[in-house]
Every structure is written in structure tokens, then in C-alpha cells.
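Dear colleague,

Please find below the structure that I am handing over to you, with its sequence. My notes on it follow.

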Amino acid sequence: MAGRKLALKAIDWIAFGEIIPPNQKAVANSLKAWSEALTSRLAVLPEAPPAIDWAYYKANVATAGLVDDFEKKFKALKIPVPEDKFTALVDAEEKEDVKTCAEFVSLSKTRIEEYEKQVVRMRNIIPFDQMTLDDLNEVFPETKLDKTKYPYWPHRPIESL
Amino acid sequence: MLSRVVLSAAATEAPALKNAALLGPGALQTARIFHTGQPSLAPVPPLPEYGGKVRFGLIPEEFFQFLYPKTGVTGPYMLGTGLILYFLSKEIYVVTAEMFSSIATIGLLIYGIKKYGPSVAEFADKLNEDKLAKLEEAKQASIKSIQDAIDMEKAQQALVQKRHYLFDVQRNNIAMSLEVTYRERLHRVYREVKNRLDYHISVQNVARRKEQEHMISWVEKSVVQSISAQQERETIAKCIQDLQLLAKKAQAQPVM
């Protein structure tokens, strides 16, 4: 009846706030509010109700057998522990999330490698005053003038000058 | 002069080298036959910014150095003066009207260049430097944006470590709500049973009190009824007698 251990994990609320994207702040706040409300309710309720003084009632209730009957039924009554249908869902969600996070991390790592390669390339270009226009077009391909699309000088739309 | 020969040779070779670099490796093999120096594919060395030194804007310095061991400092000047006088006197160079117009024109040009040359050169250099500065800025901005992207990716990766808090909160909430429901049920059962028992007891108490009161009132009524009028008169007379006795006794006491 009583004496179940409640295993609660300690939550770092700051970290929790960090991982929420800005468009889901409302949901996160409601989660936090629920958590606090439940903690306060839990604190108010003692773990088990006080014991009923059967001797007193047996002595004082005139109807014979009523108290005995009650006592028997009360002791036989087992209150069902509410069944936990939802932790499984949360666990499944967490597993999926771990998978997507691992995917994201690996993609992110490849992205970081590409970025680092670009940074190295940028750092190693020759100084600008020793470049020719061909070298410039190699480093910054967007500076290459399109001579097929604009065959006449200045090889780009006049508005962009 | 020799250095300038080398430089001009390098300049003429340099475009050829660049073109060779642009051709494929197969084409380079066939072009290799015509190159005598080693075909260096390294980046072209920067071209010198200033040409060789010249005197009078025409005669390179190396000529003076060439003549210095034999004729000293004034040698080339003497050679020049002698040559000019020779051309004039032998009429190899004919004096015409154009000579004076060319003297005036060239004099004016030299005056103009000497006076305004440096400032114009500065202006042109500044234009060039502005272009270079813009390109440099673009390069730095590009590097910085890539670095920022890298940092953001790293931050996101760090956040991934904290994702589990989300699910911890949900699991905690579920566990807490289950526990709260269970405890509330326990308390409710206790309350209901106690209420029922207390109800019985209070019903009993009420019944007993009612019986008591009823019995008392009934007993009183019956006693009062049983006192007939005769007995009442006798009782009252006896009471008066007793009172009178008591009064006498009471009066007697203080006298003593």
C-alpha cells in the first residue's frame, strides 16, 4: 500500500531551457509549470494515510460484526497502482530522438570539415596585389565575367556597375 | 641591362608558362621540348614594381657603371656630349624648324610630368589600394562567416548532449502524477471508511441521547402525575411546618 520509492531524476532547468527552440517555448513552459505543480501536490500529500483505530470502533459501535466486517474488507482491499502507459511512449520518443541527434551530429561534423577546408583555402590564397584577374576568378568564382551572356564590355548589366 | 634582359625574358616566358600551366599535362609534355629552363609551375614570381634606374630618363645606369672603370665619372657624359656635337656638326642630325617646336613641346612635357607626376601617381595608387582593401575585406568577412558557422555547429553539437533533459522532465511528470493519483486514492479510501464508522458512532450517540432525554421527561411526567392533589397539599403543609421549625431554630441560634 505505502512505501513505494519514487525515483525522480534531478533536472537542470537552465539546460532544459537552452535546448528548446524559440517557437516551442510555450510548450516547454507548460511542462515546467506541470512539473512544479505536481511537486507541490506531492509534497502536500503524506505517503500513507494514518491507520484506523479498529479497537476504539469495535468497543463503541453497537452493531455487532459491522466493525469486524469493515476491518476485514478494509484489510483485503488492495488499491490498484495506476498503470503507467506513457513512460513507454516517452522512451520510444527518446530513442528516436537519440537517432536523429546522432544523424545531425554526423552531418554537422561533415559540414564542419567542409567549412574548415574552405577556411584553409581562404587563408592560403596569394596576396591580392600579386594576383591576376584569372587568379581572382579562381578564388572568388563570382567575380568571373560571363562573356557568353554579355558579349560586349563591360560584360555585366549596366545597373550592377 | 643584363638583369633587365633576364626580367624581360622572364616576362615573355611567364605568359607562355601560364599558358602551359593551363594546358593539360599531355600538352605540357609536347610543349616541354621548346622550353630550355625548368618549367616551374610555382606561382609566378611578382613582377618588379619599378624598372631599372636610368639617367636623363633614357640611358640606363648600367651603361655608366660599364664605363666607370675605364673613364671614371665623367666618361659617359663626355661620350654623350661628343656624340651630340658630332651629329650636329656633320649634319647627321639636321636642324630644322621642328627642332625648336620639339624642344618646346618636350620641355613642357618634362616640366608637367616633373611637377604633377607624383600626385597623379599617388592618386592612381590610392585607387588601386582601395580595390585591394575591398578585396581583403571581402576575404576576411568570408573567413569570419565560415568561422562563425563552425562555432555554431559546435554549439549545436554541445546542445545535443543535453537533449535528455526534455525526456527526463516528461518521465518525472508521468511518475509524479501516477504517485499523486495513487496516494489520493489511498487517502480517499481511508476517509470514506472512517466516515462510515464515524457515522455509525454518531448515529448511536444521537439515538442514546434521544432515549435518555425521552426517558427523563417521561419519568418526570409520570412522577408529577403520580403526585395527587391530596399528597400535594400534605407535602406543602409539611414543608411549611419544617420551615417554621427551621425559622425558630435559626432565630434561636443568634440569641445564643
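Between chain A and chain B there are six salt bridges. Please bear in mind that the model is a predicted one. One of the bridges joins the side chain of Arg111(A) to that of Glu153(B), with N and O 3.0 Å apart. Side chains of opposite charge can pair in this way when their charged atoms come close. The rule for polar contacts finds 15 residue pairs across the interface of chain A and chain B, with both residues at pLDDT 80 or more.

On the chain A side, the surface that touches chain B draws at least two residues from each of helix H1 (13-19), helix H2 (25-44), helix H3 (54-60), helix H4 (66-76), helix H5 (87-123) and H6. The greatest share comes from H5(A), which supplies 19 residues. Sorted by class, this side of chain A comprises 49 nonpolar, nine polar and 18 charged residues. In total, the contact involves 76 residues of chain A and 54 residues of chain B. The area buried between the two chains is about 6,600 Å², and carbon and sulfur atoms account for 71% of this area.

Over all chains, the structure holds 19 salt bridges. Among them is a pair within chain A: Lys73(A) bridges to Asp69(A), the closest N and O atoms being 3.3 Å apart. Both residues belong to helix H4 of chain A and are four residues apart, about one turn of the helix.

I turn next to the second largest pocket. Its volume is about 790 Å³. Helix H6 (133-139) of chain A and helix H5 (97-160) of chain B are the elements that give two or more residues to the lining of this pocket. H5(B) gives the most, with seven residues. The lining consists of 21 residues, and those nearest the centre of the pocket are Leu133(A), Leu136(A), Thr143(A), Lys131(B) and Leu135(B). By class, the lining has eight nonpolar, four polar and nine charged residues.

Finally, two backbone features deserve a look. The peptide bond from Trp153(A) to Pro154(A), however, is cis, with omega near 5°. Pro154(A) is found in the segment after H6 of chain A. His155(A), a residue other than glycine, has a positive phi, near 60°. His155(A) is likewise found in the segment after H6 of chain A.

With kind regards

Key. Residues numbered from 1 in each chain as written. Chains lettered and ligands numbered in written order. Predicted model: local features only at pLDDT ≥ 70, side-chain atom pairs only at ≥ 80, totals over all residues. Heavy atoms only, no water. 1 Å grid on protein atoms, 1.4 Å probe; cavity = no way out; pocket = protein on both sides within 12 Å on 5 of 7 lines; lining within 4 Å. Points joined across faces, edges and corners; volume = space filled by probe spheres on them. Nonpolar A, V, L, I, M, F, W, Y, C, P; charged D, E, K, R; others polar. Contact = heavy atoms within 4.5 Å. Buried area = accessible area lost by both parts, 1.4 Å probe. Salt bridge = Lys/Arg side-chain N within 4 Å of Asp/Glu carboxyl O. Polar contact = N/O pair within 3.5 Å; in protein donor to acceptor, adjacent residues only side chain to side chain.
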